Amino acid sequence: MRIKPSMLLGFTLGTLSAIGGFIDIGDLVADALVGARFGLRLAWVTGFAVIGIMCYAEMSARIALKTRRPAFDLARSRLGPGYALGGLIGSFLVTALLVMAELSGIALALQLASGVHYLLWVPIAAVVVFIVIWRLPFEATERIYGLLGLAMLVFVVAVWHLQPDWSRLWASATTVAPTSGESWPAYLFFAVTLVGAQMTPYEMFFFSSGAVESRWRPKDLVEMRVNVIIGFPLGGLLAVAIQAVAFLVFFDPGIRVEHISQTVLPVALALGRVGLAIALVGVFAATFGATLETLFATGYDLAQYFGWAYGEVQPPARATRFTTTVAALLLLSTALALTTLNPITVTIYAVVFSSVLLPFAFLPVLLVGNDKRVMGELANGRLSNTVGTITLLISIVVSVAAVPLLILTKAGAS
Amino acid sequence: MNDHESLRFTLLDQQLVDAEDRPVGRVDDVLLDLPADGGPPVVVAVLTGAQALGERMGGPAGKLMAAVASRLRSGEHRAEPVAIPASAIGDHADLVQLTVPLGDLPHVAGLERWLAHHLVEGLPGAGDARD
Amino acid sequence: MTTTHMGAGTGVRWVAVSAAVFAVVMASLWFGHAPPRSAAAYARQGAETVGYLRSQTRTARLWVDAVASGSATHQAASVALREAEDDASATAARFAGWDPPAGSDAVRATVTALGDEVTRRLAELRIAANRGRWADLPGVARPLPDLAERLGAVADELTAASRS
């Protein structure tokens, strides 16, 4: 195979968006919270989440390459309109919460940079998001925030600058048990939270709908796989780095993380103002990108369910129902953010409910990926099926346990 | 592919596109004619839209969906789900392709047009719905 | 096309399912928001409250250090100091809002006094920061480590009391 320069560019840019896309408000909140309370004792959850989301992102993109139709599109013809409608309503509600949280995340990053209260930034962020949806082309926007999202790598650098005791980090990462003073239910609750924050179905739908919109073909399989294989583990590395810096700075003094300002504080302590500024750019890019992705994923879900025209590559007037839905969801989320509901609390609830919906999102993808009649020679191999099935089974356990754990631990308070 | 296929995989719930490849909707239900003389059933029309889907699904959620979709439509035929005659159906390998452009089916995708005329087209940079 | 008619059986099932869901939601809300009724539960909440107050005190202290060493911007620090103060006053007010069970008045007095002290100290920091007196900040923050130590000791005492 000959490798052309344009292909290499495609690799890098796609990989960057996978890294940037992995981290969103859920990670920024949950990783710091978990690092401060449990050190790296939940890092294994991130490892599992990365493998699971890699498997399903690859599978759904492969389905999209082969059938030129995104994964959710096939859920309805495969599992019937009733099942798909349940998934649609559930994901719509969760995404409304998530968009509110991501939008607040943009505003909180701007607040930390400017000192101006975040509520004033919320409408401004919403207007900018709307203009981007209305005017800017899909790939360009994806790549801009993917590239800016690389600023998050400052968290990895910060781990070194904090001069950690590496053996202590390792010991923490290899222990599967709550830290002293913490209960098993709380430990498991935060395991569920991390799964919800890191295995986000919208990433999968977005990845596959993007593959359709960019008119990828089976020959793009290699590029897609490289993006998955490099991008998601690097995203996972970032997540673990956020856990690690929170562990190093907050664990011993017993500090509980309640704000995004605390997520970036360790970077400031390690790398100074420049580090802080880079971290804030990263937070901004990650939440901005995730706002667009969650909005579009919901628009795609709805449009594909009813067979409407959709997409970023269409001008708004060619896909009016899609555009109107996305705009309405943005408006609803903005209104929700302006109620001064604590965005951190909303994030926790959103990722927990998102983990409840995981198996509903995974099942149709696994079924279609396995169908030789649809997929031909691109059907799942043994690896995809094994990892996919194990991930599905674990996600069912997570889904069933999530809400009882939420209630039992009072959302992790005790 | 062999000659015998389940309706569920070939027609029902499939994506409908018009003659210019524009998405029209899903095949939400299928109208069959069962000849009185006992001949084989014949597809008369495909139904599309949330009204047809809601009536097909039934139950409280389906009834609600059908009622809302019916309310959103205008014209004298709004009690009936949107039907596309079988004569307009062309190739149906991956997608169900119609032989006519969406413009020739004025009763289909009414909400899409309504939004285009009343909301989206008036805004700058929306593009043209008809090109 | 099919039309489903809801039979009497279906209707009863719907009511039963709705009632069960409603009961579970109410029970969960009660579980999540019921005030502590026993002395042990009250002491446990006191320990939790004091633990949060210590966390907020130490967070503020870290930001002051970060500004003093030039690691953090004034904008970020002033935002973070206000957040710490807001959190502390919310934490303290939540605990103060619960009626102490019989024999727990002393616990309430200790915890609310600490809540007032933390809130006052953090407010001083916030005011100094907003007036631009950044050079004075380390001086204003000087009592914080001691305060955090005391909070830790009280939290340990209350935890022990809640277990006995």
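## Chain A: contacts and overall form

Among the contacts in chain A that link residues at least 6 apart in sequence, 85% join residues at least 24 apart. This description rests on a predicted model. The predictor assigns the complex an ipTM of 0.89 and a pTM of 0.90.

Chain A contains 16 helices and zero strands. Its radius of gyration is 20 Å, close to the 22 Å given by the globule rule for 414 residues, so chain A is as compact as a globular protein of that length. Along the principal axes, the C-alpha atoms of chain A fill a box of roughly 55 × 50 × 45 Å. Of the 414 residues of chain A, 59% count as buried.

## A covered helix in chain A

Helix α2 of chain A covers residues 25-38 and has 14 residues. From its first C-alpha to its last, α2(A) reaches 19 Å, close to the 20 Å expected at 1.5 Å a residue. The helix is mostly covered, with 14 of its 14 residues buried. After α2(A) comes Gly39(A), which has a positive phi, near 60°.

An α-helix has 3.6 residues a turn, so residues three or four places apart point the same way.

## Strands of chain B

One open sheet in chain B has three strands in the order β2-β1-β6, with mixed pairing. Strands β2 and β6 (96-97) of chain B stand at the edges; each has a single partner strand, so one side of each is left without a neighbour in the sheet. Three bridges connect β1(B) with β2(B), and these strands run antiparallel. Within this pair, Gln15(B) stands opposite Arg26(B) in β2(B).

Further pairings involve strand β4 (residues 42-48) of chain B. Five bridges join β4 to strand β3 (residues 29-33) of chain B, and the two run antiparallel. Here Val30(B) has Val46(B) in β4(B) as its bridge partner. Strand β4(B) is also joined by four bridges to strand β5 (residues 82-85) of chain B, again in an antiparallel arrangement. In β5(B), Pro85(B) stands opposite Ala45(B). Strands of a sheet pair through backbone hydrogen bonds, either parallel or antiparallel.

## Leu16 of chain B

Leu16(B) lies in strand β1 of chain B. A residue counts as buried if 20 or more other C-beta atoms lie within 10 Å of its own; Leu16(B) has 25 of them within 10 Å and is therefore buried.

Leaving aside residues up to four places away in sequence, Leu16(B) touches residues of chain B that include Val24(B), Gly25(B), Arg26(B), Val27(B) and Thr48(B). Val96(B) and Leu98(B) are also among its contacts, as is Gly307(A). Leu16(B) and Leu98(B) are 82 residues apart in sequence, while their C-alpha atoms are 7.2 Å apart in space.

## The contact between chains A and B

The contact between the two chains takes 25 residues from chain B and 20 residues from chain A. On the side of chain B that touches chain A, at least two residues each come from β1 (15-17), β2 (23-26), α2 (50-57) and α4 (110-120) of chain B. Helix α4(B) gives the most to this side, with six residues.

## Confidence in chain C

Chain C has a mean pLDDT of 91, and 94% of its residues reach 70 or more. Where pLDDT is low, the predicted coordinates should not be read in detail.

Key: Residues are numbered from 1 along each chain as its sequence is written. Chains are lettered from A and ligands numbered from 1 in the order in which they are written. This is a predicted model: local features need pLDDT of at least 70, side-chain atom pairs count only at pLDDT 80 or more; totals for chains, interfaces and linings use all residues. Two residues are in contact if their C-beta atoms, placed from the backbone, lie within 7 Å. pLDDT is the predictor's confidence in each residue, from 0 to 100. Two strands pair if DSSP finds at least two bridges between them. The expected span of a helix is 1.5 Å times one less than its number of residues. A residue is buried if 20 or more other C-beta atoms lie within 10 Å of its own, exposed if 12 or fewer, and partly exposed in between; C-beta atoms are placed from the backbone. The radius of gyration is taken over C-alpha atoms; the globule rule is 2.2 Å times the number of residues to the power 0.38.
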